[in-house]
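Student: Can we go through the charge pairs in this one together? I'd like to see the model before we start.

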Amino acid sequence: DEIERAKIAFDAETILIVNDRVPAIESNMADANVYNYEYDYVLENNGTLEEFKETTEFFANNYIFRRGE
């Protein structure tokens with residue numbers, strides 16, 4: 001609910017970054033329910049820092065900076 005409220009309030013899109021090597025956090029309600037939302041984009045961060053940098057640059061150049069073209 002909080003994600004959707006922020007999305008509407010800021011006229012934003014949502015991005016979830018996932019990493020299969022990191023266990024899910026379940027110690028609080030917000031983190032435990034992070035996967036119960038349909039995000040606009042999901043980026044995988046399962047490789048090296050350099051690979052993630054490439055992923056985010058590709059995403060930014062092809063999805064963020066190309067809006068309105």
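This is a predicted model: local features need pLDDT of at least 70, side-chain atom pairs count only at pLDDT 80 or more; totals for chains, interfaces and linings use all residues.

Student: How many salt bridges does the structure hold?

Tutor: Glu 2 and Arg 5 meet through their side chains at 2.1 Å, N to O. Lys 7 and Asp 40 meet in a salt bridge too, at 3.1 Å, N to O. The count for the structure is two.

Student: How many residues apart in sequence are the parts that Lys 7 and Asp 40 tie together?

Tutor: Helices (H or I, at least four residues) and strands (E, at least two) are DSSP runs, numbered from the N terminus. Lys 7 lies in helix 1 and Asp 40 in the loop between helix 2 and strand 2, so the parts tied together are separated in sequence by 33 residues.

Student: Is Asp 40 buried, exposed or partly exposed?

Tutor: Buried means under 20% relative accessible area, exposed over 50%, and partly exposed in between (1.4 Å probe, protein chains only). Asp 40 has a relative accessible area of 32%, so the label is partly exposed.

Student: How far apart in space are Asp 40 and Ile 15, C-alpha to C-alpha?

Tutor: In sequence, Asp 40 and Ile 15 are 25 residues apart. In space, C-alpha to C-alpha, the distance is 6.1 Å.

Definitions and conventions. Residues are numbered from 1 along each chain as its sequence is written. Side-chain values use heavy atoms; hydrogens and water are left out. A salt bridge is a side-chain nitrogen of Lys or Arg within 4 Å of a carboxyl oxygen of Asp or Glu.
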